[in-house]
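Have the model open as you read.

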Amino acid sequence: MAEDGAFTFFRESLMAWHFENPRPLPWKETDDPYKIWISEIILQQTRIIQGIPYYERFVKKYPTVCDLAKASEAEVLKDWQGLGYNSRARNLRKAAITVCEDHSGYFPGTYDDLITLSGIGPYTAAAIASFAFGERVPVIDANVIRILCRYLGIEEVPVGRNVRLQMESVLNDAMMGADPAEFNQAIMNFGALQCTPGKPDCAACPLSDTCYAYNTDRVGELPKTRKRKPRRERFFHYLVLKSDEGVMIHHRTKKDIWEGMYDFPLKELESALPLKLKQLNDWAVSLVNTEKYVLSDPVCDTQILTHQKISCVFYPCTVKSLPGSETPLLEKARTEEIFFVANRNLHKFAVPKIIDCYFRVKSILL
Ligand code: SF4
């Protein structure tokens, strides 16, 4: 695609396909940068079908960027629960505060200013700049990368700066003469619906005559990928101290997975081998300062994250009576941010998926 004619063919074929294959989505009907931003952040690492209800809840609960800025981090994390990659939610709130405090509640209108906001990288800045403000800047997401690697025959793993610059240059030329928002939407939809990762519909593709991968029988080989590192295995042992009134939870404040969310009092160990009774008794007594409790059989579960595998052992421990409600129990517990929470208030706390599953299996209502 090195000549003007080739760019023209690519653009015209793509745009014709786009208008014949509309893809209505709730956020496509707006040019409000706030709503476009929310949708783009939610859809990173999330399937559209899963993201739509989150998007709808978010813009209903926080209709403006300043409504979002006023929410606490805990509240935003609770609304985000189930989407994963919580840094997206924390950055969303940080960027909302910046827009309200430094830009009087108006989104910056250029790619260069948008990219300075927390959690906004080149892709998101290009999406907002083109969809909301019509700036001529190409989006490069996984869909676009896949199309270009196949169509142009890019043989290197598409991660470095040079490949990115090459793609930007091609797209800048290809989008000349088209509406930037429509062109960007077209190429993203084309990747999502036509030039898909697993089974691209090459037989019905308007670009097949000039597609390198199709004409050299290399579609299954491109784009090239890096070998994935094996997942890090971790073993979390949770003491679930529960009474009729509520349960003890632990605030995850350290820089780690699930930062800002809540789980149970935790020991991270080298294996999933269950703790001995004496170890459990010592642990329980250190937290509740009573020996009036009953330990039940441990429950095991596993959660797979992108880079980690978390094996959990839960030790249910029913305490006869826990003093107070939502009050740190002991000095030690207070410093570790371990609290007793009444059942009626549990729904306010954002918890990881594996903790949510435990609550549901054990019928502790959230
Ligand atoms: S011919 Fe196949 S591989 Fe090439 S752009 Fe079309 S769908 Fe993608």
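Start with Asp79 and Lys61, whose side chains meet in a salt bridge, 3.0 Å from N to O. This pair ties together distant parts of the chain: Asp79 sits in helix α5 and Lys61 in helix α3 (residues 48-61), 18 residues apart. Lys61 is partly exposed, at a relative accessible area of 39%. Bear in mind that you're looking at a predicted model.

In total, the structure holds 15 salt bridges, and some of them join up. Arg234, Arg252, Asp256, Asp263 and Glu268 are linked in a network. Within it, Glu268 meets Arg234 at 2.8 Å, N to O, bringing together strand β4 (residues 266-269) and strand β1 (residues 232-242) from positions 34 residues apart. Glu268 is partly exposed because its relative accessibility is 39%, while Arg234 counts as buried because its value is 4%. Asp256 and Arg252 pair up too, with their closest N and O atoms 3.5 Å apart. Here Asp256 is partly exposed at 30% and Arg252 is buried at 6%.

Now zoom out. Seven residues from domain 1 and eleven from domain 2 make the contact. Together the domains bury about 730 Å², 44% of it on carbon and sulfur atoms.

What holds charge to charge across this interface? One salt bridge turns up there. Five residue pairs are in polar contact across the interface as well. On the domain 1 side, helix α5 (residues 73-80) gives the largest share, three residues.

Key. Residues numbered from 1 in each chain as written. Predicted model: local features only at pLDDT ≥ 70, side-chain atom pairs only at ≥ 80, totals over all residues. Heavy atoms only, no water. Contact = heavy atoms within 4.5 Å. Buried area = accessible area lost by both parts, 1.4 Å probe. Salt bridge = Lys/Arg side-chain N within 4 Å of Asp/Glu carboxyl O. Polar contact = N/O pair within 3.5 Å; in protein donor to acceptor, adjacent residues only side chain to side chain. Helix = DSSP H or I, 4+ residues; strand = E, 2+ residues; numbered from the N terminus. Buried < 20%, exposed > 50% of the residue type's maximum accessible area, 1.4 Å probe, protein only.
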